[in-house]
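Hi there,

Here is the structure I promised to pass on to you. Please open it next to this email, and then read on for what I found in it.

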Amino acid sequence: VMIVIAVRIKKEEPEGRVLFKQNRMGREGKLFICYKFRTMHENGDPILEEYLRSHPEEIQNYAIYHKYENDPRITKIGHFLRKSSLDELPQIFNVLKGEMSLIGPRPYMSEEQQKIGKKLPMVLAVKQGITGLWQVSGRSDVDFSSRVSLDVWYVRNWNLWTDFVILMKTVKVVLRREGAV
């Protein structure tokens with residue numbers, strides 16, 4: 001599956017990279033490179049700047065959800081990968097390297113530390129996960145503050161049964177493409 005996705009990404013943008021790599025905060029704040037399939041055009045910032053000039057409401061949307069509702073940088077294959085959550089598959093390598101786990105809080109960017117605030121130590125008390133409570137509780141429909149609260153609840157109430165339920169709900173959410181952008 002991963003090879004097929006890589007070929008499709010290269011076919012759509014031959015000069016672009018297949019993987020998107022970004023520093024994320026892991027357990028106890030240790031930075032690691034988080035892998036995803038690239039879903040946006042290479043050098044898409046000028047595309048976004050132009051779009052935001054004519055769609056200023058998207059700036060407000062980003063302030064609440066940390067995502068744009070209609071991000072013009074997303075490629076055709078990128079839309080499919082995000083809707084199906086297949087863009088997250090390369091994070092299996094992060095799991096194999098011991099940087100992430102299958103289930104846990106989302107891996108946050110360093111720039112989000114201030115917005116997470118005093119809940120940061122709790123969110124970073126465990127390994128971050130490919131899937132987690134917020135992903136099965138609405139995903140992109142959940143605002144940033146609620147996302148952090150769900151991650152804190154997960155850490156405080158962790159048990160194997162919760163992980164099993166999250167894993168089963170992840171399968172359902174991914175197959176139904178619920179809450180994905």
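This is a predicted model: local features need pLDDT of at least 70, side-chain atom pairs count only at pLDDT 80 or more; totals for chains, interfaces and linings use all residues.

Which residues of α9 are buried? They are Thr162, Asp163, Ile166, Thr170 and Val173. Around the helix axis they cover an arc of only 90°, so they sit on the same side of α9. On the other side, Leu160, Trp161, Leu175 and Arg176 are exposed.

Asn159 caps the N-terminal end, with a side-chain oxygen 3.0 Å from the backbone nitrogen of Trp161. Just after the helix, Arg177 takes a positive phi of about 55°.

**Helix α8**

Next, please turn to α8, which spans residues 144-156. This helix has 13 residues and reaches 19 Å between its first and last C-alpha, close to the 18 Å expected at 1.5 Å a residue. Its buried residues are Phe144, Arg147, Val148, Asp151, Val152, Tyr154 and Val155. Looking down the axis of α8, you will find these buried residues within an arc of 160°, so they line one face of the helix. What do they pack against? Their partners are α3 (57-65), β3 (100-103), α6 (113-116), α7 (120-123) and α9 (160-176).

At the start of α8, Asp143 has a side-chain oxygen that reaches to within 3.1 Å of the backbone nitrogen of Ser145. Arg147 is worth a look as well: its charged end sits over the ring of Trp134, 4.5 Å from the ring centre.

**Aromatic pairs**

The count of aromatic pairs comes to 3. One of them is formed by Tyr108 and Phe144, and this pair is edge-to-face, with 5.8 Å from centre to centre and 80° between the planes. It links distant parts of the chain: Tyr108 is in the loop between β3 and α6, while Phe144 is in helix α8, 36 residues apart. Are these two residues buried or exposed? Both Tyr108 and Phe144 are buried.

**Helix α2**

In α2 (residues 45-54), the buried residues are Leu48, Tyr51 and Leu52. They cover an arc of only 100° around the axis, so they lie on the same side of α2. Pro46 and Arg53, on the other side of this helix, are exposed. The buried residues of α2 pack against α3.

**Two single residues**

Ser84 belongs to helix α4 (residues 76-84). With a relative accessible area of 7%, Ser84 falls under the 20% cut-off, so it counts as buried. A polar atom of its side chain lies 2.8 Å from the backbone oxygen of Phe80. Leaving aside residues up to four places away in sequence, Ser84 touches Val174 and Arg177.

Val1 is found in the segment before α1 (2-12). Its relative accessibility is 69%, so Val1 counts as exposed. Although Val1 and Leu86 are 85 residues apart along the chain, their C-alpha atoms are separated by 9.2 Å.

Enjoy exploring, and write back with any questions!

Best wishes

Note on methods
Residues are numbered from 1 along each chain as its sequence is written. Side-chain values use heavy atoms; hydrogens and water are left out. Helices (H or I, at least four residues) and strands (E, at least two) are DSSP runs, numbered from the N terminus. The expected span of a helix is 1.5 Å times one less than its number of residues. Buried means under 20% relative accessible area, exposed over 50%, partly exposed in between (1.4 Å probe, protein chains only). The arc is that of the directions from the helix axis to the C-beta atoms. Contact means heavy atoms within 4.5 Å. A polar contact is a pair of N or O atoms within 3.5 Å; within protein, one must be able to donate a hydrogen and the other to accept it, and residues adjacent in sequence count only if both atoms are side-chain atoms. Rings of Phe, Tyr and Trp (its six-membered ring) pair if their centres lie within 6.5 Å; planes under 30 degrees apart count as stacked, over 60 as edge-to-face and the rest as tilted. A charge sits over a ring if NZ of Lys or CZ of Arg is within 6 Å of the ring centre and within 35 degrees of the ring normal.
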